[in-house]
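Let's take a walk through this one together.

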Amino acid sequence: MDKAGTVYPSVALPRPEGIFEVSRKSTVIRLRWPVVLVCAYLLLYSPSPWLRPTTSHFLLLLYILSNAVLHRLDERLFDSPIFYIPLVMFDTLFLTTSLILTQRVGTDFYLTYFLIIILCSLWQDFRWSIVAAVFVSILYGYVLFKTTEIYDSSLYIRFPFLFVTSLFYGYFAQLVRDGKAIREQAEVERWKTVANLSAGVAHEVKNPLAILLQGVEYLADKTGKQDPDVTLVLKEMEEAVHRANSVIRGMMDFASIAQLNIVAEDLNLIIERSLLLLKNQFDRSHVEVTTELATDLPQVQVDRPRLEQVFINLFMNAVEAQPGGGRLWVRTYREGAPGGNGVAIIAEVENDGKSIPEANLAQVFDPFFTTKRNIGGTGLGLSIVKNILDMHNAKIQIRNRENGGVRVALQFQT
Amino acid sequence: MAAKKILVVDDEAGFGRLLKLNLERTGKFEVQTETKGSQALNTARSFKPDLILLDIIMPDMDGSEVANRLKSDPVTRNIPILFLTALVKNKEIETKSGSIGGNIFLAKPITTDELVKSIDQALGEPPGKPEQKIS
């Protein structure tokens with residue numbers, strides 16, 4: 001049997017390259033040499049009263065050696081973002097210390113130096129770091145020429161210093177950005193693999209289940225009527241088939257969130273539609289629904305059917321938490337100033353039914369964790385909810401209410 | 001009433017055999033099974049079924065290809081087809097009123113009652129209890 005026609009994508013990631021059409025390792029080493037040179041100039045030609053020449057030479061030698069050591073390291077180390085943390089910290093410390101020891105630069109140069117680092121961190125692009133260097137050099141040059149009489153040629157070394165610093169930090173900031181993009185890509189690939197595997201597994205398992213169900217029905221008709229025990233056994237078998245099928249369906253739901261179709265949607269409409277779909281369920285279970293939906297909500301970027309699935313799962317949980325009937329509150333509101341940055345939209349689903357035991361709160365999102373196995377719970381409901389929300393960069397928090405019941409809060413960014 | 005002829009095309013031979021047993025014991029259907037899409041085309045021409053139950057994922061020729069060929073053959077083009085597949089979920093079918101892309105899909109596993117109901121609907125038969133059970 002063909003494995004459900006699935007194609008299993010390679011999860012191997014393209015190895016990120018450095019700049020100058022060489023590897024990351026070579027790029028890092030090449031970028032550090034100008035930094036070494038700048039520090040050498042600062043330490044040797046701006047002697048400090050705090051340091052003896054031998055100490056300066058020793059520090060410089062240490063710095064040169066550190067770059068030489070990088071030559072000996074394994075290429076793969078340079079693919080790990082963690083590797084760069086001590087490296088950049090060491091270089092920043094050395095560069096800043098060298099600058100302080102010169103005692104020749106004023107506050108304006110320190111500000112310029114930090115401005116470069118800030119701009120590089122914000123833009124996270126190597127090419128833009130050159131723009132940052134040009135911009136900051138012009139700015140610093142303007143301030144310098146306005147406030148200083150130009151007669152000291154050593155002032156001019158400050159401009160290459162700004163360029164060296166800019167390229168150095170620009171490259172590492174870009175590494176951070178690339179690393180994030182690669183991780184996101186890896187996440188997408190992971191989901192695609194899960195989706196393909198699930199489709200394959202579902203196909204391979206549902207076919208035997210279909211045979212079992214047909215077989216059980218046939219046997220029930222042929223032999224079940226003559227013996228009540230046989231009827232009982234076949235009934236149990238049929239229920240087991242349906243239970244296994246519900247787990248497979250849950251797995252398919254779990255996997256199918258890989259394909260999101262994100263568009264701007266009105267969150268209140270999604271909630272109202274989900275409530276409408278479950279209206280009969282609420283009536284049958286004697287659950288009284290109260291909505292408090294804010295009218296001034298901006299639209300949210302979501303996949304509507306998936307988000308409906310989230311709310312339906314949460315509403316169904318609320319219904320199951322109060323089998324004798326009860327109340328369900330659904331409210332939406334915004335957090336943050338209107339029109340301002342960082343506005344978040346909150347949706348709360350609250351019931352006054354059974355609380356979740358505190359010991360279970362940390363596990364409620366774990367796949368296959370359920371306390372409702374006896375009534376057909378698969379333990380995938382909240383896990384699916386969490387995964388769908390993760391894919392939307394939305395957050396979920398579940399807490400017990402003081403007077404019994406559960407409050408679920410969802411937070412969406414606009 | 002004459003038994004309706006159903007052709008079941010599914011590469012799972014066991015599923016086809018059991019479906020035949022369960023559908024025929026209702027007394028409403030005469031069932032023939034095929035496990036290969038390519039052979040199903042010839043059988044459809046000779047058996048002249050009233051309806052075809054067609055699996056989608058099959059090794060030699062997939063269900064959609066079989067359906068296309070049946071629709072392009074003047075002898076078989078008017079035979080209604082129900083796709084029976086493990087690849088879709090009941091919920092997807094329910095939310096789309098049983099039809100995806102103009103074709104009727106049924107999700108495996110399926111009970112005989114549900115299957116008979118769908119076949120009756122596709123054939124325009126009034127839904128009802130089986131006429132006679134073969135024990």
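This is a predicted model: local features need pLDDT of at least 70, side-chain atom pairs count only at pLDDT 80 or more; totals for chains, interfaces and linings use all residues.

Look for A:Asn393, which sits in the loop between α12 (381–391) and β6 (395–400) of chain A. The backbone at A:Asn393 has a phi near 55°, a positive value in a residue other than glycine. As for its surroundings, A:Asn393 counts as exposed because it has 10 C-beta neighbours inside 10 Å, and the cut-off for exposed is 12 or fewer.

Is B:Lys48 buried or exposed? With 12 other C-beta atoms within 10 Å, B:Lys48 is exposed.

While you're in chain B, go on to the peptide bond from B:Lys108 to B:Pro109: it is cis, with omega near -5°. You'll find B:Pro109 in the loop between β6 (103–107) and α5 (112–123) of chain B.

Now zoom out to chain B as a whole. It has five helices and six strands, and if you read along the sequence, they follow the pattern β-α-β-α-β-α-β-α-β-β-α. Of its 135 residues, 36% are buried. Take the contacts in chain B between residues at least 6 apart in sequence, and 61% of them join residues at least 24 apart.

How do helices sit against each other in here? Two packed helices are described by the angle between their axes and the distance between the axes. The crossing of α2(B) past α3(B) is right-handed. On the α2(B) side, the contact is made by B:Gly37, B:Ala40, B:Leu41 and B:Ala44, and α3(B) answers with B:Gly63, B:Glu65, B:Val66, B:Arg69 and B:Leu70. Sorted by class, the residues of this contact come out as five nonpolar, two polar and two charged.

Helix α1 (residues 24–45) and helix α2 (residues 53–72) of chain A pack at an angle of about 175°, with their axes 10 Å apart. That makes α1(A) roughly antiparallel to α2(A), the cut-off being an angle over 145 degrees. From α1(A), the contact takes in A:Val28, A:Ile29, A:Arg32, A:Trp33, A:Val36, A:Cys39, A:Ala40, A:Leu43 and A:Leu44; from α2(A), it takes in A:Ser56, A:Leu59, A:Leu60, A:Tyr63, A:Ile64, A:Asn67, A:Leu70 and A:His71. The class count for the contact of α1(A) with α2(A) is 13 nonpolar, three polar and one charged.

Chain A itself has 12 helices and seven strands. Out of its 414 residues, 28% count as buried. For contacts in chain A between residues at least 6 apart in sequence, the share joining residues at least 24 apart is 75%. For a pair that is separated in sequence, pick A:Leu212 and A:Val241: 29 residues apart in sequence, and 7.3 Å apart in space, C-alpha to C-alpha. A:Leu212 lies in helix α6 (residues 158–222) of chain A, and it counts as buried because it has 20 C-beta neighbours inside 10 Å.

Next, slide over to helix α8 (residues 267–277) of chain A, whose buried residues are A:Leu267, A:Ile270 and A:Ile271. Look down the axis of α8(A) and these buried residues fall within an arc of 95°, so they line one face of the helix. What does the face of α8(A) turned away from its buried side carry? There you'll see the exposed residues A:Leu269 and A:Leu276.

Last stop: the place where the chains touch. Here 21 residues of chain B are in contact with 23 residues of chain A. On the chain B side, the largest share, six residues, comes from helix α1 (residues 13–24) of chain B. By class, that side of chain B has 10 nonpolar, five polar and six charged residues.

Note on methods: Residues are numbered from 1 along each chain as its sequence is written. Chains are lettered from A and ligands numbered from 1 in the order in which they are written. A crossing is left-handed if the near helix is turned anticlockwise from the far one by less than a right angle, and right-handed if clockwise. Helices (H or I, at least four residues) and strands (E, at least two) are DSSP runs, numbered from the N terminus. Two residues are in contact if their C-beta atoms, placed from the backbone, lie within 7 Å. Ala, Val, Leu, Ile, Met, Phe, Trp, Tyr, Cys and Pro count as nonpolar, Asp, Glu, Lys and Arg as charged, and the others, Gly among them, as polar. The arc is that of the directions from the helix axis to the C-beta atoms. Axes are lines fitted to C-alpha atoms, for helices over the stretch in contact, and angles run from 0 to 180 degrees between N-to-C directions. Angles under 35 degrees count as roughly parallel, over 145 as roughly antiparallel, 65 to 115 as roughly perpendicular and the rest as oblique.
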